[in-house]
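I looked each of them up in turn.

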Amino acid sequence: MKLLSKYSRVHVITACTILLISSFAYYFIIRTILLTQIDKDLKVEEQEILDYVAANHALPHASDYKHQQIRFRKIKDSVAFRETINTIEYDAKLNEYEPYRRLSFPIKITNETYEASVYKSQVETEDLLQLIMLITAVLFIVLLSLIFVINRFVLGKLWQPFFITLSELKKFDLHNKQSLMLPESSIEEFEELNRSVTHMTDNVSKEFEILKAFTDNASHEMQTPLAIIRSKLDLLIQSAYETQVEQLQAIYDATGRLTKLNQTLLLLAKIDNNQYDKPEFVNLKALVEIKFQQFDELIKGKGIVPKYDLHDVSLSINKDLIDILLNNLLSNAIRHNYEGGSIECILTSSMLSITNTGPALTFDRTNIFDRFKKGSHSDGSGLGLAVVKQICDVNNLKVKYQYLNTKHIFQISLKTK
Amino acid sequence: MKILVVEDEKELSMSIVTYLKEINYVCEVAMDFDAATTKIDLYDYDCILLDITLPDGSGLDILRQLKAKNKMEGVLIISAKNSVEDRIEGLQLGADDYLPKPFHLPELSARVEAIIRRKNFGGNTTICFNEISINTIAKVAYCNNNPLELTKKEYQLLLYFIANKERVISKNAIAEHLWGDEMDMANNYDFIYTHIKNLRKKLIEKGSTDYLRSVYGMGYKFTDR
């Protein structure tokens with residue numbers, strides 16, 4: 001739920017509850033006050049009647065005014081008691097029933113007991129109450145709309161710096177090397193938030209640069225010792241004893257792997273640093289054909305049947321990078337293939353796909369492009385596909401992997417994202 | 001043939017010198033920028049192996065000096081940087097080749113041989129080894145003046161062996177020479193064996209002595225001894 005909706009909801013619910021409770025309370029209090037007023041008036045009438053009876057020893061005339069009537073009726077002594085009640089009487093003039101307040105009390109004149117009833121109309125009270133309720137309801141609506149407007153516009157505007165910060169953060173990209181640019185805010189909390197966020201992202205960028213520089217430098221620094229080891233090995237085998245051969249070969253192979261690993265890490269760092277930024281138009285069809293020729297020995301050596309369906313497609317991309325990309329995909333398709341399997345390459349104007357038979361992955365396929373992710377039996381560096389992904393990323397190409405019907409499918413969409 | 005090795009890493013320059021001396025090159029070493037410029041001023045070399053990153057200067061500046069003085073030395077850049085810019089700049093400044101570190105010594109030797117051949121022999125582009133001769137322009141090899149029908153890889157292999165005669169070359173170095181480092185052929189030694197077997201067969205068919213020796217299964221040696 002959005003902050004503003006949440007805030008508005010709390011606001012509206014609170015306001016409604018309070019308004020409802022207060023209007024009920026209001027209604028009953030005003031009603032009680034008005035009734036008390038009527039009862040007072042009734043008592044005054046009672047006193048007047050009693051005074052009259054005391055003076056004259058006779059009942060006064062019954063009266064019937066618009067809002068007040070006095071009636072008498074003879075009753076038995078035993079049922080005489082005083083009461084005040086609400087009642088509804090028929091008003092002949094208005095031809096409708098109207099609410100009245102009635103005070104009944106006994107009067108004794110000589111031996112006879114009468115019950116005097118004084119009626120007072122409550123119509124005015126009801127009218128007043130209705131008016132008050134109407135005003136309350138109008139206020140209710142005005143208040144709710146005000147809350148809505150305030151929340152919607154004022155709060156929205158108040159929180160705007162926050163949303164700007166949020167959208168800038170979403171756009172933030174470590175590879176972009178650009179510092180976060182946040183607008184100044186007059187609100188202290190947001191200003192502090194912006195300062196913290198900028199500070200944090202700057203630190204992260206710095207650390208990232210340091211890390212990248214470290215990988216770069218470390219790989220560079222490793223080249224020379226590797227060169228020394230290699231050269232010493234090349235000298236050592238000139239006069240090696242037969243018993244040392246196996247160990248020497250193992251050292252050779254390990255040094256080769258280390259060299260390859262190191263070079264690939266350097267390559268990744270270079271792609272990352274946009275050192276391959278000179279695109280040119282590459283005839284992809286011709287390049288793929290050349291690659292298949294280059295790998296011909298390997299393909300035939302494994303008895304793999306290559307199939308192609310290539311259309312004339314040109315792509316604006318750095319030539320070295322597309323070369324590396326095809327190398328990696330193709331050597332992957334050969335290495336992780338069965339003896340006598342197949343490789344199928346399809347090139348259309350919208351995509352390039354390389355499909356090869358091969359055993360299923362031994363790890364989660366969503367990690368296939370991660371660095372150093374490789375199957376348990378793979379003797380590769382685990383960086384080949386990471387390089388492929390990286391090359392696609394810097395060229396805004398999308399690469400997908402699927403495993404369908406025991407076939408690995410790598411698909412690169414050539415329409416830039 | 002006189003070669004100057006400009007390399008600040010002592011162990012690496014020693015390896016290079018040891019290996020090249022065995023192939024009858026005369027080698028001198030310059031460990032820094034000043035020593036290199038002094039030596040270049042005083043002597044003439046057939047080939048200079050030039051490291052770009054030196055403690056007191058850039059190898060590219062040495063290259064600029066050579067160019068300014070119109071020196072005819074062949075230059076092979078050996079660099080740990082392996083950056084496209086360096087390679088292009090080096091070659092534009094007149095270097096003949098660029099070999100990224102780490103390299104195999106036989107590879108270095110083959111490159112040096114190619115540079116010297118191009119620089120020194122002028123019109124003479126034939127390499128001879130006893131009854132075998134190679135025309136490097138036409139890229140044809142002969143045995144007793146009979147042309148050998150070699151595939152591209154076999155031809156490369158023969159050239160490589162002759163540039164490293166009497167030396168044991170590891171299978172790893174051969175693989176890298178034939179397929180480059182991109183193809184990751186490092187552990188596919190069967191292919192090397194096939195190529196060598198075919199090359200040897202074709203040579204013997206044309207009456208060549210069998211010069212190819214397998215050394216304990218870890219490498220090969222091309223020798224007439």
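**Entry 1: a cis proline in chain B.** I located B:Pro102 in the loop between strand E7 (97-100) and helix H5 (105-120) of chain B. I take helices (H or I, at least four residues) and strands (E, at least two) as DSSP runs, numbered from the N terminus. The peptide bond that leads from B:Lys101 into B:Pro102 is cis, and I note its omega near -10°.

**Conventions.** The model is predicted, and I used local features only at pLDDT of at least 70 and side-chain atom pairs only at pLDDT 80 or more, while totals for chains, interfaces and linings use all residues. Residues are numbered from 1 along each chain as its sequence is written, and chains are lettered from A and ligands numbered from 1 in the order in which they are written.

**Entry 2: positive phi outside glycine.** I looked up A:Thr406 and found phi near 60°, a positive value in a residue other than glycine. A:Thr406 sits in the loop joining strand E11 (398-404) to strand E12 (407-413) of chain A. A:Thr406 is exposed, with 11 other C-beta atoms within 10 Å; a residue is exposed at 12 or fewer such atoms, buried at 20 or more and partly exposed in between, with C-beta atoms placed from the backbone.

The loop between strand E9 (132-135) and strand E10 (140-143) of chain B holds B:Lys139. I count 12 other C-beta atoms within 10 Å of B:Lys139, which is therefore exposed.

**Entry 3: a helix pair in chain A.** Which angle do helix H1 (residues 3-56) and helix H2 (residues 123-158) of chain A make where they pack? I noted about 165°, with the axes 10 Å apart. Axes are lines fitted to C-alpha atoms over the stretch in contact, and angles run from 0 to 180 degrees between N-to-C directions. H1(A) and H2(A) are therefore roughly antiparallel (angles over 145 degrees). The contact of H1(A) with H2(A) comprises 20 nonpolar residues, seven polar and one charged. Here Ala, Val, Leu, Ile, Met, Phe, Trp, Tyr, Cys and Pro count as nonpolar, Asp, Glu, Lys and Arg as charged, and the others, Gly among them, as polar.

**Entry 4: the domains of chain B.** I read domain 1 (2-120) and domain 2 (126-222) from the domain assignment of chain B, an automatic or database one. Their centres, taken over C-alpha atoms, are separated by 26 Å. Nine residues of domain 1 and 10 residues of domain 2 form the contact (C-beta atoms, placed from the backbone, within 7 Å). On the side of domain 1, H5(B) gives the most, with six residues.

Technical notes
Angles under 35 degrees count as roughly parallel, over 145 as roughly antiparallel, 65 to 115 as roughly perpendicular and the rest as oblique. Two residues are in contact if their C-beta atoms, placed from the backbone, lie within 7 Å.
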